[in-house]
Structures are given as C-alpha cells and as structure tokens.
Amino acid sequence: MAEQRMLGPDDVAVVIPALNEALRIREVVSGALAFCPHVIVVDDGSDDGTVDCIADLPVTVLRHARRSGKGQALRSGFAEAVRRGLRGVLTMDGDGQHAAADLPRLLACANRHPGCIVIGARLRKRASQPLLRRLANEFGDWGVAWGTHYQVADSQSGQRFYPAAVIAMRDIPGEDFVFEAQVLISAARQLGTRCVSVPIESRYRSADRDECFRPSHFRPLRDLTRITVHIVRLALRHGDVRRVHRRIRANPPLIDDGAGGQAQPR
C-alpha cells in the first residue's frame, strides 16, 4: 500500500464555532486564514453582529437561525469539511483564547501520529488559568478517561485536530460541550482512535496582560455536571468498573511537545 501523503494546510479546514464573538472574531479568523485557506465559521445564532465583522473575509459562513449549541455548530462544520472532501479539521474557539500560531504545531503532530485526535492542551503558563477552571478541567479529564479507557490531557480544550475518519462519524450523541467529550469517547470505542496532546499556552484575562476576552460560555458547574452524568451512564452501561480502572491507569496521557517527534506519557 502506498504511503499516505502528509497533511498540509490545503488538506484541512479550520472550523470556528461562534456565538456572539464580535469582540475578537475578526482577529481569530484572520489568524486562521494566514495558515489555512479553508476557514469555516459556524455562526450559532449570534445577535451582536459577529458575521458582519468578517463579511469581507474569504471564509465560508454557516448560519444557524437560532442558538443550537456548540455541538451542533461543530457537526455543521464537520459536515461541510466532509462535503469538500478534506482530510481533517482543525478547530478553535471564536473568543480569541486559542492562538492561530499553534495551528501548525497541531497539524505537524497529526502528521507524526496519523489517525489520532490532537488536542491543544493548556499546559503552559497554567498559573494564569483561573483556579476553578483548572480544577474543573482536571475533573473533566478524569471523567472522560472513563469513557475513552485512556487518560487525556486537557480533554476540555476546544483547539483540536480531528482526522477524516472522525469528522465523518455520524450520530454522535451529546449537545453543547458534552459533544466535545463524546466525540473523543465515540472515536475511541468505534474507531480505536487515541488522543495526543500538544502543550499550548493558557490564554485568559489576567492583571499582567492587556488582552480582553468575553466571559466564557463554559459554565464549570453546569457543563461538567452534564458531561459527568453523561459519561457515568456510559461507564455503568459497559460494566466491569475495576477492569476499566486498571486500563485507565495503564494508559497515561500522551504528550508531544514537538521536540523529539514522539509522544511521551505524562
């Protein structure tokens, strides 16, 4: 079998879910366009002029008439990328908390680990991350591990690379932020897909930086409760909790910082 060609920026789309992102959306989209010609913005019922801010930029805008949640926005973006015959999708949020400069690193990692989901894990400058958010992320990682049966570093990050086989999956359950957890679980169980994390910087409003971010749509108590309840149901349905626990402990997170080209257990 011939070796598959390496992924390049022309082979993938950058999908950006957007809900009331007028504050930073132009900056985010312009950064994505500097790396990739295929940028798909999914406007999830914004009422603040989000789309007007990028009307003159060469991007595809998919509009939801009413707010449908981040999960549905990602489904719409995935479907458009599949329709175009692209080989994968990079995702980033529209609020500016993900740097477009990290996209090449995620794609390079995807080439080093074909078929894997790549997560931009907020492991750098973690002290700038609000304590409640950091604890919520760690709790989320624990919960997702019970679904994937392996550990994931920063399973809540919205900056990711999804390979073609994953974006082509259908009937992935879960809405809003539950979808981002469930897609990792469904890919692991149905396709045997593993996640590899690339360390990126935590970007939050703080006293030592001038950047302004809108309040996050993620609500730790509400959304992690939804995610946890969803995953616990799945775990109980598959039974043998002790066996799953042993498997999780035997499969620590894989971290690839790009230095040696190999993912290392965390």
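1. A salt bridge is taken here as a side-chain nitrogen of Lys or Arg within 4 Å of a carboxyl oxygen of Asp or Glu. By that criterion the structure, which is a predicted model, holds twelve salt bridges. The points below take up several of these pairs and then turn to the nonpolar cores and the cysteines.

2. One of the pairs joins the side chains of Arg87 and Asp11, with an N to O distance of 3.6 Å. Distant parts of the chain are linked by this pair: Arg87 belongs to the loop between α2 (70-83) and β4 (88-91), Asp11 to the segment before β1 (13-18), and the two are 76 residues apart. Arg87 and Asp11 are both buried.

3. Lys70 takes part in a salt bridge with Asp93, in which the side chains meet at 2.8 Å, N to O. Asp93 is placed in the loop between β4 and α3 (103-112), whereas Lys70 is in helix α2, so the pair ties together parts of the chain that are 23 residues apart in sequence. Both partners, Asp93 and Lys70, are buried.

4. The side chain of Lys70 also meets that of Glu180 in a salt bridge, at 3.1 Å from N to O. Because Glu180 lies in helix α6 (residues 177-191) and Lys70 in helix α2, this pair ties together parts that are 110 residues apart in sequence. Glu180, like Lys70, is buried.

5. Turning to the nonpolar side chains, the largest nonpolar core has 29 residues, and Val14, Ile16 and Val29 are those with the most contacts inside it. At least two residues of this core come from each of β1, α1 (25-35), β2 (39-44), α3 and β7 (195-201). When neighbours within four places in sequence are left aside, Val29 is in contact with Ile16, Val39, Val41, Ile54, Leu57 and Val59.

6. As for the cysteines, the structure holds zero disulfides. Cys36 has a relative accessible area of 1% and therefore counts as buried, under the cut-off of 20%. For Cys53 the relative accessible area is 26%, so this residue is classed as partly exposed.

Technical notes. Residues numbered from 1 in each chain as written. Predicted model: local features only at pLDDT ≥ 70, side-chain atom pairs only at ≥ 80, totals over all residues. Heavy atoms only, no water. Helix = DSSP H or I, 4+ residues; strand = E, 2+ residues; numbered from the N terminus. Buried < 20%, exposed > 50% of the residue type's maximum accessible area, 1.4 Å probe, protein only. Core = buried A, V, L, I, M, F, W, Y, C linked by side-chain atoms within 4.5 Å. Contact = heavy atoms within 4.5 Å. Disulfide = S-S within 2.5 Å.
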